[in-house]
Amino acid sequence: MSVDSLSNPLPTFGRTLSCRVIHGACPKSFWLYRRLRKCFCLLTIGEIMITWSAKTIKQTKGREKLACLTAYDFITAKLIDEAGIPLILVGDTLAMTMLGHATTLPVTMDEMVHHAKCVTRAVRHALVVGDMPFMSYQTSDDLAVANAGRFVKDAGTGAIKMEGGTQRA
């Protein structure tokens with residue numbers, strides 16, 4: 001088992017962080033060391049845990065495949081985050097899976113923000129993505145910005161998912 005010091009300055013919001021990676025102790029740490037040296041990381045026992053953001057996700061685009069799982073509550077989100085999954089989606093499918101509706105159409109922004117808050121309270125490393133429900137952004141740009149702001153400000157999500165392709169982007 002060999003020990004390497006990662007002496008390259010990592011982007012850590014103005015601070016320099018030095019990480020030690022123990023190769024052989026955890027194959028995941030070697031993969032993260034090689035692939036994501038430029039990402040902000042936290043040292044845990046035997047492995048590096050990346051704090052995922054939209055920027056770190058974008059850095060892996062085209063180079064690595066990333067997993068994304070859906071969570072609607074604190075416990076599920078905590079388990080997903082501790083498993084090292086980089087993306088957690090709080091999807092509008094909670095209308096069917098958690099609230100018992102036949103479709104996703106009846107879910108409201110208040111319900112989505114409530115569940116997103118539960119998820120973000122549990123997550124330390126993954127990027128939480130809030131899914132904009134039906135008619136929360138289609139009627140006007142002002143409404144879209146206000147509702148997206150609720151996800152970011154009130155629920156603490158790091159990204160928003162909207163359907164509609166390039167016309168919405």
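Me: Why is P106 called partly exposed?

Reply: Keep in mind that this is a predicted model. P106 has a relative accessibility of 37%. Buried means under 20% and exposed means over 50%, so at 37% P106 counts as partly exposed.

Me: Where does P106 lie, and what is it in contact with?

Reply: P106 sits in the loop between helix 4 and helix 5. Setting aside its neighbours within four places in sequence, P106 is in contact with H101 and E111. As for M96, 10 residues away along the chain, its C-alpha atom is separated from that of P106 by 9.3 Å.

Me: How do you know that the span of helix 6 agrees with its number of residues?

Reply: Helix 6 covers residues 141-155, which is 15 residues. The expected span is 1.5 Å times one less than that number, so helix 6 should span 21 Å. Its end C-alpha atoms are 20 Å apart, which agrees.

Me: Which residues of helix 6 are buried, and what do they pack against?

Reply: A144, N147, A148, F151 and A155 are buried. The buried residues of helix 6 pack against helix 5 (109-122), strand 7 (127-131) and strand 8 (159-161). Just after helix 6 comes G156, with a positive phi of about 85 degrees.

Me: What makes up the largest nonpolar core?

Reply: That core has 25 residues, and I88, V90, V119 and V123 are those with the most contacts inside it. At least two residues each come from helix 3 (74-82), strand 6 (87-90), helix 4 (94-97), helix 5 and helix 6. Helix 5 gives the most, with 6 residues. Another core, of 8 residues, lies apart from it, including I50, I57, V129 and A159. In soluble globular proteins, nonpolar side chains tend to be buried together.

Me: What is V119 in contact with, leaving aside its neighbours within four places in sequence?

Reply: V119 is in contact with A71, Y72, D73, A77, I88, V90 and V128.

Me: How much space lies in the largest pocket, and what lines it?

Reply: About 230 Å³ of space lies there. The lining is A54, I57, K58, T60, K61, G62, E64, L66, L127 and A159. Helix 2 (residues 54-60) supplies the largest share, 4 residues.

Me: How does that lining of the largest pocket divide into nonpolar, polar and charged?

Reply: There are 5 nonpolar, 2 polar and 3 charged residues.

Technical notes. Residues numbered from 1 in each chain as written. Predicted model: local features only at pLDDT ≥ 70, side-chain atom pairs only at ≥ 80, totals over all residues. Heavy atoms only, no water. Buried < 20%, exposed > 50% of the residue type's maximum accessible area, 1.4 Å probe, protein only. Contact = heavy atoms within 4.5 Å. 1 Å grid on protein atoms, 1.4 Å probe; cavity = no way out; pocket = protein on both sides within 12 Å on 5 of 7 lines; lining within 4 Å. Points joined across faces, edges and corners; volume = space filled by probe spheres on them. Nonpolar A, V, L, I, M, F, W, Y, C, P; charged D, E, K, R; others polar. Core = buried A, V, L, I, M, F, W, Y, C linked by side-chain atoms within 4.5 Å.
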